[in-house]
Amino acid sequence: MIRRAMQPPQGFSGAIAAEIACLYACYAPLENTAVFYEQIDKQGVCAYASRFAGQICLVRNGDDAQELTEWLRFMPKSPIFCEEKTAYDLSLTGQADRHLMRCEVPLDVPVPQERPTFLSPDAPRKAVRLLKTGLCVISEDDFVADLTYRLYHGGARLTLSETGACILLVGSNGCVLSALAVAPTHQHCGEGSRLLRQSLALVPGQTVYTCCEEKLRAFYEMNGFCAIGKAGLFGVKH
């Protein structure tokens, strides 16, 4: 049985579960802005999904793939972000082209001497403009609205400098490094690592997840992350 979820994902771990939990922490009270679903079997919740901004995030640990596949076919056509094994079990189309990464931030993580820029009211829009130099931001206004809402409700941490930005999402299943970008004129000189260290210092003792392309894997490993799997955006066979 698949039904609307009234609680955050429990019994799931990993990067995608953490991303869903971060979303739930901020958006659960706003009905229909983000929608959450859970699949129930004899043992309890065996799959959990969120639908937000035209994308579905999905985690599962059960064996009933048929019901979940049929449910996805009836959902509005949306890309499905999930792990490689989940995509294989559900016969989804697409490629797992992102590495899932994890970092255990120590409780005594040193606080860098450098301090991020004070977050003024226009900080989210400035951050998005910096992120657009290295990331695909489909809608600047939607991105700014989402980031502003999460910052206001304690669901995000923003580290911002004149040349780069880093966004951490915060939830009950850990934190998610959702975006990190440096202006092209300041790349390959340590600015990305500096911003990342500043961000991790904001969440001592937490597990931080992210996903990245193959070309960025070495950067994250150099900064304390390890690869834990692969994921991607998939579609449903009709």
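Predicted model: local features only at pLDDT ≥ 70, side-chain atom pairs only at ≥ 80, totals over all residues.
Is Glu38 buried or exposed? Glu38 has a relative accessible area of 4%, and because the limit for a buried residue is under 20%, Glu38 is classed as buried.

Let us consider its partner. The side chain of Glu38 meets that of Arg3 in a salt bridge, with 2.8 Å from N to O. This pair links distant parts of the chain: Arg3 belongs to strand β1 (residues 2-4) and Glu38 to strand β2 (residues 34-41), 35 residues apart. Arg3, for its part, counts as partly exposed, at 40% relative accessibility.

I turn now to Asp89. A salt bridge joins Asp89 to Arg60, and their closest N and O atoms are 3.1 Å apart. Here too, distant parts of the chain are linked, with Asp89 in helix α3 (residues 84-89) and Arg60 in strand β4 (residues 55-60), 29 residues apart. Arg60 counts as buried at 14% relative accessibility, whereas Asp89 is partly exposed, with a relative accessible area of 27%.

Asp89 also meets Lys85 in a salt bridge, at 2.8 Å from N to O. Both residues lie in helix α3, 4 residues apart, which is about one turn of the helix. Lys85 has a relative accessible area of 59% and is exposed.

Finally, how many salt bridges does the structure hold? The total is 11, and those described today include Arg3 with Glu38, Asp89 with Arg60, and Lys85 with Asp89.

Conventions
Residues numbered from 1 in each chain as written. Heavy atoms only, no water. Salt bridge = Lys/Arg side-chain N within 4 Å of Asp/Glu carboxyl O. Helix = DSSP H or I, 4+ residues; strand = E, 2+ residues; numbered from the N terminus. Buried < 20%, exposed > 50% of the residue type's maximum accessible area, 1.4 Å probe, protein only.
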